[in-house]
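Subject: Handover of a structure

Dear colleague,

Please find below the structure that I am handing over to you. I would be grateful if you could read the notes after it with the structure open.

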Amino acid sequence: DEESTQSQTDVLIIGAGPSGLTAAYWMARYGVNARIIDKRDTKVFLGHADGLRPRTLELFDSMGFQHRVIQEGCISTEANIWVPGPQGDIIRQAQIDICRVDESPFLNTCLNQGRIERFILDSIREHSDLDVERSVIADSLEYDEELSNDPNSYPITVKVRVLGEDDSNQPCGHGSEAASNIVNRSNLLPDDLADLAPRKKPQKTQVETIKAKYLIGCDGAHSWTRKQLNIPVEGSNTDHIWGVIDVIPLSDFPDIRRVSVVNNAAGTILVIPRERGLVRFYVPVQTCEAGATDRFDRSKITRELICSRMQAILAPFTFDFKECSWWTVYQVGQRIAAKSTKDNRIFLAGDAVHTHSPKMGLGMNMSMQDGFNVGWKIALAVAGTLKPEILETYASERHPLAEMLLDFDRHWSPMFNDRKPEVADTKSSEIALVAAKFEDFADGWKVFYPASRLVWKAEDNAGFSCARHMIPGERVRPVKLRNQADGGTLWTTRVLESDGPFRILILAGDIRNPMQKQRLGTLARVSAGQSGSSISPLSRYLEIPGRFKSPVDVLTIHASPWKEVELFDFPEILRPFDSVKGWAYDKIWCDDACMFDRYCDGTAYEKWGVDRVLGALVVVRPDQYIGWVGELGDVEELTQYLDGILVKKSPTNGVHSAL
Ligand code: FAD
């Protein structure tokens, strides 16, 4: 007994976990006609992923809610390794610093996935009417390959079911969690309570046929979308079963509030301190028969069993708890999908592409970064502003990282599985060595995005010499800058907001130097299209409808002392006037030391490898990665770069360039 309807949308996202929500963030920012569905009837509230890497926090800062994580989360600054001692006890073998203050203002931080989902959902609501449609399950997928080359076509047809009251045996709600995980209201923060009440379900099942231009399958490790596309996965379950438990511990173990690996003959556990007095423990509970690929019988594993394993491994220290907020049991699987797109119309992101051991604390981070990478590209393509060919870069940029992730896991997971305890006097622990080997990748400092139309890597390396540490395909290394108008300071992660446009960074150098001021004036005239040149990157490309007149924005960062120049020393096009908002005070920034903020130390140019007098030009993509680097006057090559990505205004698309 069903009701059936039909509809169209530009983008359909299946799955509202971390990857789906991050992709949806971009739909909200660009004002794209999109929908996001999830078969669960509520968001995640407790447990699940909890480790946030510094790079993810940099992205959160650019999305506007990093401060909420810092307020609620628990930072980890070091990792401790415990091994058996000479007296049958356990001793601390190593204390390893895991924060790199020279790399990022943010530290490894733990906060449960449910709160991260809360922050992204709030941001989506702040910028649009887009909302997750819950208790909606994707049921069938048809794809018309013949339409794939026409960007305005709707080659994708997905039939979805809005689960009704008679669908009581559907896998929604908390079906995937352990039976004990019934959410207790007292464990929730007030802003999550409204989401706790399951929505009113229709009496009859409703079926809807949705036609879409693009589909993003963010539907997790057992991805339905991936199965519909017959994309094979490589890899398998490992033999090891782990318990995960979030409790308020009652223990005299000295490092109970510090990240620790405790490694003794009874097994290896991982200790992760969390928000609100909670600590998460990863505990080995069982080993399947070697090579077993079937899922294990989880009913045999109880909270009490996990607790007794903990007590054995932590002995002679004590361990117990009264309050448990969440627990589950899992079998580690290491799998990667053979590919992550079908014709660049259907994409897979997050766990749908890669799964591995949660003990690396990377799945949610990588999944959100997948959603972040694919989301802006699809949204801009739908807006008609981005050339559809650019969508190829999702797979070329993210798939190699999925492979790297699995490689890391293959090295990392065995550290926790039935291994002989490390000897107490070993100077350098094996775990520390593996962590160090993959640190740049895991923390997100290096992403290794290869050369493409989006990542301009000049063969002769020209450009690199004027900004030696601004590498196309890498992130902008965060620095703190001073606003020229009000003197306040901000990290570049916030200055370069993830709000939509590409950003040309004019690193103007020292404009007290008359020659340099003249160069800046020439650059400004060229940018405005006033110098007889036909190049004006600011008015050349199609707008983002309803959001931005141009998909390209400009920020100026100069290296003169803050007190020795004025906002009005800069050409007007760099700080344009709006009849309602006045001058654009947020467009001119200064790299100078600031007496009230020691992080704003006037070393941005040095960290970026840029000459303080001559400056440089840099293009930052909407997702905060560097796309192109050149000299201050190099507008022609910069425009070539943007021409390869963005759709120009022309009589054929109904818009004449301002030139
Ligand atoms: P998911 O979070 O799995 O979301 C997929 C969504 O799709 C679900 O909400 C599901 O209901 C929906 N869906 C599926 N099929 C359909 C369908 N047919 N129709 C409609 N909706 C559908 N990662 C870290 O980075 N750090 C950590 O510390 C960490 N710890 C972890 C600890 C544990 C115990 C576990 C289990 C995982 C941990 N992870 C961690 C991994 C992390 O949880 C995942 O990598 C992350 O949730 C993946 O996000 P996703 O959006 O790709 O998929």
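The notes that follow describe the protein as a whole, and then its domains, its ligand shell, its core and some local features.

**Overall composition**

Please keep in mind that this is a predicted model. The protein has 659 residues, of which 49% count as buried. Its secondary structure comes to 14 helices and 30 strands. Among contacts between residues at least 6 apart in sequence, 75% join residues at least 24 apart.

**Domains**

The domain assignment gives three entries: domain 1 covers 2-74 + 110-233 + 334-414, domain 2 covers 236-333 + 417-437, and domain 3 covers 464-653.

**The ligand**

The ligand is surrounded by 35 residues, and the closest are Gly-15, Gly-17, Gly-220, Gly-350 and Gly-363. Several elements each supply at least two residues of this shell: helix H1 (18-30), strand E2 (34-38), strand E9 (136-143), E16 and H8. The largest share, four residues, comes from H8. In composition, the shell has 15 nonpolar, 14 polar and six charged residues.

In soluble globular proteins, nonpolar side chains tend to be buried together. The largest nonpolar core here has 176 residues, and those with the most contacts inside it are Val-11, Ile-13, Ala-24, Met-27, Ile-216, Ala-379 and Val-618. Helix H8 (residues 363-382) gives the largest share of this core, 11 residues.

Leaving aside its neighbours within four places in sequence, Val-11 is in contact with Met-27, Val-32, Ala-34, Ala-212, Lys-213, Tyr-214, Ile-216, Ile-378 and Val-382.

Ile-37 of E2 stands opposite Ile-14, and its bridge partner in E8 is Glu-133.

**A three-stranded sheet**

Strands E3, E7 and E4 form an open sheet in the order E3-E7-E4, with antiparallel pairing. The edge strands are E3 (51-52) and E4 (74-75), each of which pairs on one side only. E4 and strand E7 (residues 109-110) are joined in the antiparallel sense over two bridges. Cys-74 stands opposite Cys-110 in E7.

**Helix H2**

Helix H2 (residues 54-63) is mostly covered, with 10 of its 10 residues buried. Among its buried residues are the charged residues Arg-55, Glu-58 and Asp-61, as well as Leu-57, Leu-59 and Phe-60. H2 is followed by Gly-64, whose phi is positive, near 100 degrees.

**A loop residue, Gln-484**

Gln-484 is placed in the loop between strand E20 (480-483) and strand E21 (489-491). Is Gln-484 buried or exposed? Gln-484 has 25 C-beta neighbours inside 10 Å, and therefore counts as buried, the cut-off for a buried residue being 20 or more. Apart from neighbours within four places in sequence, Gln-484 is in contact with Trp-562, Leu-567, Ile-588, Trp-589 and Cys-590. By contrast, the C-alpha atoms of Gln-484 and Ile-346 are separated by 44 Å, and these residues are 138 apart along the chain.

Yours sincerely

Technical notes:
Residues numbered from 1 in each chain as written. Predicted model: local features only at pLDDT ≥ 70, side-chain atom pairs only at ≥ 80, totals over all residues. Pairing = 2+ DSSP bridges. Core = buried A, V, L, I, M, F, W, Y, C linked by C-beta atoms within 7 Å. Buried ≥ 20, exposed ≤ 12 C-beta atoms within 10 Å, placed from the backbone. Contact = placed C-beta atoms within 7 Å. Domains from an automatic or database assignment. Near = placed C-beta within 6 Å.
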